[in-house]
Amino acid sequence: MSAPKRLDEPSSAQPVPAARRSGRVRREEIVAAAARIFARQGYAAVGMRDIAEAVGIRGASLYHHFPAKEEILYEVCLTVTRELNEQNLPFLDAPGTPAQRLAAFVRAHLEFLHPRRVEHMVGLHELAALTPAHRAEIDEYRRYYQRRVRDVIAAGMRSGEFTAIDARLAAFAAFGVLNGISTWFHDDGELGLEEVVRGYVVLIVGRMLGAREYADDQAGVLPNSPQT
């Protein structure tokens, strides 16, 4: 199956009019505010008026951006599926061994989810509220993302770099560990994000998959942040 089709977006080579830039920012604010309310109260209990009040706009203005509450939920889900694909899959296509690429991917995945923990939890718990078409699209992004990771694991198994016995099970286990961060990690907790990232690279790539070079958190071995 090919990569999910991307929605039409303005070309990066063309300037975006100021009115459209401000509209895009407002949509992002609405989506972020709605995600917080959905997470706190549950999607079914939230109305469009609640979302408008949280953003500080009139209900009529909210409908100008989103015709229905489900469209906002769909946008929340896209932030942790389509954007996840676009930003993180390039790490799997970068030069390097399967272990090196997966180590960079683990870091990128965790650093992506960190500021989007609320959106991620809403996307996991409220999928049933999406329309069939929107649900199918979100599921397609997720399946493609998982399949790409599974393919890299399989490549590492063929080369003898990974000792995992089943690429599909290994991918499921890896995502279970990675995505679980949204349920327990807090900025004011005992562990910092960098500690979690480095520990998870060792746990997933070094221990679960069996790549010897990542079996211990040695200086210079684990990947630096893609943001630096």
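Reader: In what order do the elements of the chain run from the N terminus on?

Author: In this predicted model, the secondary structure comprises 11 helices and zero strands. Read from the N terminus on, the elements therefore carry one letter throughout, given that helices and strands are numbered along the chain. The order is α-α-α-α-α-α-α-α-α-α-α.

Reader: What percentage of the residues in the chain is buried?

Author: The chain exposes about 12200 Å², of which carbon and sulfur atoms supply 52%. Buried here stands for under 20% relative accessible area. Of the 228 residues in the chain, the buried share is 47%.

Reader: Which element gives the most residues to the largest nonpolar core?

Author: The largest nonpolar core has 37 residues, and those with the most contacts inside it include Leu-102, Phe-105, Val-106 and Ile-153. Two or more residues come from each of helix 6, helix 8, helix 9 and helix 11. With eight residues, the element that gives the most is helix 6.

Reader: Which residues is Phe-105 in contact with, leaving aside neighbours within four places in sequence?

Author: Phe-105 is one of the residues with the most contacts inside the largest nonpolar core. Contact is taken as heavy atoms within 4.5 Å. Leaving aside neighbours within four places in sequence, the partners of Phe-105 are Asn-88, Phe-91, Leu-92, Tyr-145, Val-149, Phe-175 and Leu-178.

Reader: Which elements give two or more residues to the lining of the largest cavity?

Author: Among the lining residues are Val-106, Ile-153, Leu-178 and Ile-204. The elements that give two or more residues to this lining are helix 6, helix 8, helix 9 and helix 11 (193-208).

Reader: Which element supplies the largest share of the lining of the second largest pocket?

Author: The second largest pocket has a volume of about 170 Å³. Of the 13 residues that line this pocket, those closest to its centre are Leu-84, His-120, Arg-142, Gln-146 and Asn-179. The lining divides into six nonpolar, six polar and one charged residue. The largest share, three residues, comes from helix 8.

Technical notes
Residues are numbered from 1 along each chain as its sequence is written. This is a predicted model: local features need pLDDT of at least 70, side-chain atom pairs count only at pLDDT 80 or more; totals for chains, interfaces and linings use all residues. Side-chain values use heavy atoms; hydrogens and water are left out. On a 1 Å grid over the protein atoms alone, a cavity is a set of points where a 1.4 Å probe fits but cannot get out, and a pocket is an open set with protein on both sides within 12 Å along at least five of seven lines; lining residues have an atom within 4 Å of a point. Grid points are joined across faces, edges and corners, and a volume is the space filled by probe spheres set on the points. Helices (H or I, at least four residues) and strands (E, at least two) are DSSP runs, numbered from the N terminus. Ala, Val, Leu, Ile, Met, Phe, Trp, Tyr, Cys and Pro count as nonpolar, Asp, Glu, Lys and Arg as charged, and the others, Gly among them, as polar. A nonpolar core is a set of buried Ala, Val, Leu, Ile, Met, Phe, Trp, Tyr and Cys residues joined through side-chain atoms within 4.5 Å. Buried means under 20% relative accessible area, exposed over 50%, partly exposed in between (1.4 Å probe, protein chains only). Accessible areas come from the Shrake-Rupley method with a 1.4 Å probe; for residues, only the protein chains shown count as cover.
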